[in-house]
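Please consult the sequence and the structure alongside the text.

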Amino acid sequence: MRNALNNLGVDQVNNITKFFGPASRFLSMVNTSLNPEFMLANGLKDVQTAIANLLAEQEIGVLADKETITKEVIKNTLPSIKTMWAGFRKYEKPKAFAKLPLEEQQMFNDFLSSGAKADWFHVPTLNEVAKNVNNLIEMQEGTFKGDFKKRMGALKTWVDDGNASVENGVRFAVYKNARKQGVSKKQSAILAKNLTVNFNRKGMSGQTLNSLYLFFNASVQGTANMLRGLRTSKRKQAAVAGLASFAMISAVLNEMMGGEDEESGRSHYSQIPDYVKERNMIFMRGDDGEYWKMPLPYGYSVFHNLGTATAEMML
């Protein structure tokens, strides 16, 4: 308790964090918030993961005695992403945010003020602060270098806001519908914040562990959220059983409809790399080997892989 109070819940910056931290943060940013492709893939995974976790919350969490909100959350996720985008960009384009219904604007402001927004927190070093100040001075002076940094900063903000909108879209949908069911602002924020991964919760050694192992915090929390309610929630049990059954049927259909490679004599489906099957739902487009893929939800992919492996052993 004394260490937690003295360090404000974050481990002291040690030599390991100083050495590996910058590289870890850079790799994390280029693979997530600065990666435009991440928007779609992460959005699909987040919605699936959130719905699966929400099933348990409606039996053992703050929604246990409330009406189910799963269908409403699915229906409101895309409009919520639109609201997030308008809200995050309201200083650049205030008219777009002003066009939203007043109730939606107020709900957005409540969402932010209650701390429900998924975000990451980083305390810059003195050198980083000095560098940021110098960059601001150069941009203000209007030099070529300053203008370039200003344009790159605007592009970074645009991509970052896009990813943040997708990341928080399903959370905002859950927050709104929980509030409509009479759940308090605080409890709705906690539910939305912890729906998938709470990036602000990392424990005493989280910073060091994240420096050594990329996305360590997200991996641990994702596994914990996936296991939560799995033993006691019948809805969640039915969902994962359905996912495994769906994977078995899909594997059989893909094997039958995917066609055969004339040179090897093997089916096109069997030649898809295992790492692709492990991370995506596969849908063969025809007998020419082409296929569609859809990212699997975080953590729950193990049940899909179980179904796929079972079907492939039987074929």
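Predicted model: local features only at pLDDT ≥ 70, side-chain atom pairs only at ≥ 80, totals over all residues.

V30 is located in helix α2, which spans residues 15–31.

## Aromatic pairs around F111

The structure contains 6 aromatic pairs. In one of them, the ring centres of F111 and F172 are 5.3 Å apart and the ring planes stand at 75°, so the arrangement is edge-to-face. Because F111 belongs to helix α6 (residues 102–113) and F172 to helix α8 (residues 144–180), this pair ties together parts that are 61 residues apart in sequence. Both F111 and F172 are buried.

F111 also pairs edge-to-face with Y175, with 5.5 Å from centre to centre and 80° between the planes. As Y175 lies in helix α8 and F111 in helix α6, the pair therefore ties together parts that are 64 residues apart in sequence. Y175 is buried, as is F111.

## Ring cluster and charges over rings

F88, F97 and F108 are linked into a cluster by ring pairs. F97 also has a lysine over its face: K90 lies 4.9 Å from the ring centre.

A lysine is likewise placed over the face of Y269, where K277 lies at 4.1 Å from the ring centre.

Terms used
Residues numbered from 1 in each chain as written. Heavy atoms only, no water. Helix = DSSP H or I, 4+ residues; strand = E, 2+ residues; numbered from the N terminus. Phe/Tyr/Trp six-rings, centres within 6.5 Å; stacked < 30°, edge-to-face > 60°. Buried < 20%, exposed > 50% of the residue type's maximum accessible area, 1.4 Å probe, protein only. Lys NZ or Arg CZ within 6 Å of the ring centre and 35° of its normal.
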